[in-house]
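Please look over the sequence and the structure shown here before reading the report.

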Amino acid sequence: MRRFAETSERIAATTKKLEKTALLAEYLKSLPPDEGASAAVFFSGRPFPMWEETTLQAGGTLLWRIVAELAGRSDEELTAAYRKYGDLGAVAGAVLPQNNDAQEGRHSPSELQRRFREIAAARGPAAKGALVRRLLGEVTPLEAKYIVKIMTGDLRIGLKESLVEEAIAKAYGATLAGGKLVAGGTLAGGTLAAGGNLKDVQRANMLLGDIGETLRLAADGRLSDATMRLFHPIGFMLASPAESAEDALSYFQNALVEDKYDGIRAQAHCSGDTVRFFSRTRDEITESFPELPQTLAGLPQDAIFDGEIVAWSSLADEAGRALPFSALQQRLGRKKVSANLMRRVPAAYLVFDVLYAGGELLIDRTLRERGRILDELLAGERKPFDDAAVSRLRSGEALARRNSALFQEVQKGFGFHPEQSSANQEISSQVIRAPISRASTAEELDQLFDAAQARGNEGLMIKDPESSYTPGRRGKSWLKLKRELATLDVVVTAVEYGHGKRIGVLSDYTFAVRDGERLLNIGKAYSGLTDAEIAEMTQWFLEHTVEDQGLRRVVEPKIVLEVAFNNVMKSDRHNSGYALRFPRIMRLRPDKLPEETDTLERVTEIYEGQGK
């Protein structure tokens, strides 16, 4: 790990993207593929591949205590070091004593990953702590710095997984036309075709959810062998804001139009009687909606859908409608959902796209084609399955363990009757194909927008029927026309104790937008959250403080908010150069990553658009 740590230091020392990529490519290519695979995972900021559900379960408190013990430092001294360096890995590198017994090459990347698996498998803090203490006691302070950074998932060297993909493409940057690519990039038989293979690397990593396995395939010239790994969420296609109906139709004509629902974007992975849902943050959320898996069980083909989970009411009219997000919030984050809550806040999955079906990745097909496949798939006859198969559904198992009678009650609630022959029993569906309209004029879009608002929805999604699905990217093929222009998704960077009844809680939030990799503060708000939410967030901020300034705390920038405001002003109060007038918190956005917050460019667009 010494070379890994030294390479990391060199990468952190430069701000140039091409130089970072070149340094990493040189290092990866110098390693045997198995070692390079483990190193690639580490450079992506995690101890294990993305698709794996393995976790270390060795948190910051445990690591803090072990670093303090090995360094012989008091808690006050470690706190001072943390305020100076900003992350525990850098603190470990600064305070741990030089280890003269550390052996060169003793901890290769693959050996370190093996040790991480030992830690993950150990039961209880004492057992985990002993393994971590032994590991950190065997390495140099520089190696310890990056081991801790990997364990905390915070490498902080200006390296995203997309740059690791670029480095792999550069290290093995030729496509193979016949023959076999062997060690050192030479060819045994066939010819070596010129040209990089970044797109092939990106595609393989997206399919596998494993940057290490992607490196192995690249080293062997077999990137085309990558196949889709179900139950590993891929990136979601993102929409860009449209200022008006005329603005939207300036990008394409004959648009496909859907309501923009106020729910949780979710990817559904389906294989037989196993169905799992994932949020935009790629966290599994199946347990919060235990009635939904059965709605997609038994599909004729394995499939991955894109859609929106909403709180749904069928009482308002015959067609039903989505309820406000505040209703859905009652379902979020719960590991146990009662039958009463499911009846009170029923959930539905509004599906609007299909990304994979029948062994084929569909993202390169047009939206028009994907829509046809989606309709056929949802209308197809479900595979018959028995009571045992239903009980094996992920959500059903949780309910059955808790109360088998309640499980049967819930089954009957959405149309499954255990006393009937399940081979002939069709499960009633709570999956809804998102309704689609078409528009080619601004007048038609305005009418659809008014109708969406009348249904209580946010606005419209306007889509190019000829568009492919681009995971993780925000382009002009999908546009969103929302109810309010003046809203931004921002990330909290600092918090302060409140006043009056809130004097004991952290209720005043300073927030920022993105400018490249920088976060620039743009405002401060203290209204909009409930007392319960503020209490919960206070505990989180206390546990994720980067710098304690007394009444004010700089915190890890991970909490995303949606804020509304009246307008944008030029201001030197914040380092963004702008300030929001009358900002107020609309809601917490746990479904969004900090990387998905709005940008300084977007703020500038709003500011310039105010005068039009």
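What follows describes a helix contact and several aromatic pairs in a predicted model.

## Helices α10 and α11

Helix α10, which covers residues 161-171, and helix α11, which covers residues 198-208, have axes that come within 9 Å and cross at roughly 130°. That angle makes α10 oblique to α11, and the crossing of the two is right-handed.

On the α10 side the contact involves Glu161, Glu165, Glu166, Ile168 and Ala169, which meet Leu198, Val201, Gln202 and Asn205 of α11. By type, the residues of this contact divide into 4 nonpolar, 2 polar and 3 charged.

## Aromatic pair Phe42 and Phe116

A search of the whole structure finds 12 aromatic pairs. In one of them, the ring centres of Phe42 and Phe116 are 5.7 Å apart and the planes stand at 75°, so the pair is edge-to-face. Because Phe42 lies in helix α3 (residues 33-43) and Phe116 in helix α7 (residues 109-121), the pair ties together parts that are 74 residues apart in sequence.

Phe42 is buried, with a relative accessible area of 0%, and Phe116 is likewise buried, with a relative accessible area of 0%. One aromatic cluster is formed by Phe4, Tyr27, Phe42, Phe43 and Phe116.

## Aromatic pair Trp64 and Tyr82

Trp64 and Tyr82 form a tilted aromatic pair, with 5.8 Å from centre to centre and 55° between the planes. Trp64 lies in helix α4 (residues 60-71) and Tyr82 in helix α5 (residues 75-85), so this pair ties together parts that are 18 residues apart in sequence.

Trp64 counts as partly exposed at 21% relative accessibility, whereas Tyr82, at 13% relative accessibility, counts as buried.

Methods: Residues numbered from 1 in each chain as written. Predicted model: local features only at pLDDT ≥ 70, side-chain atom pairs only at ≥ 80, totals over all residues. Heavy atoms only, no water. Axes fitted to C-alpha atoms, helices over the stretch in contact; angles between N-to-C directions. Helix = DSSP H or I, 4+ residues; strand = E, 2+ residues; numbered from the N terminus. Parallel < 35°, antiparallel > 145°, perpendicular 65-115°, else oblique. Left-handed = near helix turned anticlockwise from the far one by under 90°. Contact = heavy atoms within 4.5 Å. Nonpolar A, V, L, I, M, F, W, Y, C, P; charged D, E, K, R; others polar. Phe/Tyr/Trp six-rings, centres within 6.5 Å; stacked < 30°, edge-to-face > 60°. Buried < 20%, exposed > 50% of the residue type's maximum accessible area, 1.4 Å probe, protein only.
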